[in-house]
Amino acid sequence: MYSAFGAPRIYNAPLTSKLTEKQRKKLCDLLGNLELSLLYKASVHGYQASAFHQRCDRQGPTLLVAYNRSGYIFGGYTSVEYAQSGQPITDNHAFLFSVHNGGAPVGIRVKSGHYARYDDAGGPNFGQQLYFCYSNHPLVKIEYNHEAFNFSPFSLYGNDTWLSECEVYKVAKRSTLSEPQVSAEKPWRNVLWTAERRAELMEMIRNYKPLMKSVSRVRILMIGPVGAGKSSFFNSINSIFTGHVTSKAISGSVGTSLTTQFRRYPVKDGCGGRLLPFVLCDTMGLEEQSGAGLDIEDISSILQGHVPDRYKFNPTTPFKPDEQKSSRPVSLQEKIHCVVYVIDATKISLMSDKLQEKLASIRRKVNSLGISQIVLMTKVDEACPLVEEDLQSLYVSSYIKTKVRRGHMIRCLLLQDSESVRCCFVSAGAGGELSVGCAGVLCVTGEELQSGAGAGAQL
């Protein structure tokens, strides 16, 4: 039996993926080291919407991979399963991707506040904007009524709307038993995961003293995209030293920044204890759109100590210091002494060009002021199943090592030429073991402040 387009419908035949092993690895890297299982292949099952739903409904997260004769491999990911519910779907994890001529995948995340797709009985669509297998044909079609994703047809698929194949894969966590390559033979960074070492690190932090007597506490500014985990990281640090779980900083998982004010968070050693020698400064998250998220000019004002605690950000209007106050010199105590770039490990490969440009602008400003810089990668447990199973496997994970050594994280910040940048890692959801990693990050911060440049070196 043949489909309307001459493709044999051999439902019982074993499915063979059109992806090469290299292409599959690139897409798995984009997804965060997850596993792909082929559910649907249009050349076998037909381009009809009914065939798609028969194979793909109620299968959990899926990745659609389309091919055209111009050499583009493109498609989209949704973390919400297909169910023909007739409802618009909110999915902050959804994204489109495109690969051409063997290059690295380019990811395009769904815009905040937009529906990722419409869950109807038709063919797969993303944002009610990009339709695959349109009208039961090997076609991709764009509707311009919605703008959930920001892309051009040329960059996504070279304006070639005819599909030579369309596949849908079930996306699942990779089994560490069946995939031993996730684990390296030996640790690529030596960390002692013991209670004694934890206590030693915390004591180092308690006893740290800035070299400049005019500075009582080091100010550490956390900068990162919306949802990267800046506020959660402070809550973790605060919980460690307080001795119980705290949630002083507002945190969560939404499309826009929950932090709307500039906050300085001193940390006490135990309930009612003395203040520790550092202050963590939290800011509004970065967004790729202009007029949204933290403004670059606001960051410049923060770095130089002009922005007061609890100042409420206005993304459309940069901070303007009071003329009378701005006329006096700002003391070293009031300035930022170290910048920490907080990056979500699961979204490194999906960072947009616009967001990278913002980070590059920030980095140039920080460099010009001679301030020490650190990269903090969060959610490594979500990025690697080996680490999710055991946080102490962090530095034997070849997946995490590859992310770092190949420069995925550093490239996204455009920091390749800055050898002083220290990369530290911590899981934002690993329970009690998290304390060792957090304390380690703060100790590295202290080392950077003593050996770095500019304001950091003065401390």
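A: Happy to. The model is predicted. In it, α7 passes α9 in a right-handed crossing.

Q: Which residues of α7 and α9 make the contact?
A: On the α7 side they are Ile296, Ile299, Ser300 and Leu303. On the α9 side they are Lys358, Ser361, Ile362, Lys365 and Val366.

Q: What classes of residue are in that contact of α7 with α9?
A: Five are nonpolar, two are polar and two are charged.

Q: Why do the residue numbers in a helix contact skip along by threes and fours?
A: An α-helix has 3.6 residues a turn, so residues three or four places apart point the same way.

Q: At what angle do the axes of α7 and α9 cross?
A: At roughly 25°. The axes come within 10 Å. Helix α7 covers residues 296-303, and helix α9 covers residues 353-368.

Q: Are α7 and α9 roughly parallel or roughly antiparallel to each other?
A: Roughly parallel. Angles under 35 degrees count as roughly parallel, so α7 and α9 qualify.

Q: How many of the eight residues of α7 are buried?
A: Six of the eight, so α7 is largely enclosed by the rest of the structure. The buried ones are Asp298, Ile299, Ser300, Ser301, Ile302 and Leu303.

Q: What covers the buried residues of α7?
A: The cover includes α9 and the strands β12 (218-223), β13 (261-268) and β16 (338-344).

Q: And what follows α7?
A: Gly305 does, with a positive phi near 85°.

Q: How many bridges join β3 to β5?
A: Six, and the two strands run antiparallel. Strand β3 is residues 72-78. Phe74 stands opposite Ser98 in β5.

Q: How many bridges join β5 to β6?
A: Four, and this pair runs antiparallel. Strand β6 is residues 106-109. The bridge partner of Leu96 there is Ile108.

Q: How many residues lie between the strands in the hairpin of β5 and β6?
A: Five. In this hairpin Asn101 takes a positive phi near 55°.

Q: Zooming out, how many helices and strands are in the protein?
A: There are 15 helices and 18 strands.

Q: How much of the protein counts as buried?
A: Of its 459 residues, 52%.

Q: And what about contacts in the protein between residues at least 6 apart in sequence?
A: Of those, 70% join residues at least 24 apart.

Note on methods:
Residues numbered from 1 in each chain as written. Predicted model: local features only at pLDDT ≥ 70, side-chain atom pairs only at ≥ 80, totals over all residues. Heavy atoms only, no water. Axes fitted to C-alpha atoms, helices over the stretch in contact; angles between N-to-C directions. Parallel < 35°, antiparallel > 145°, perpendicular 65-115°, else oblique. Left-handed = near helix turned anticlockwise from the far one by under 90°. Contact = heavy atoms within 4.5 Å. Nonpolar A, V, L, I, M, F, W, Y, C, P; charged D, E, K, R; others polar. Pairing = 2+ DSSP bridges. Buried < 20%, exposed > 50% of the residue type's maximum accessible area, 1.4 Å probe, protein only.
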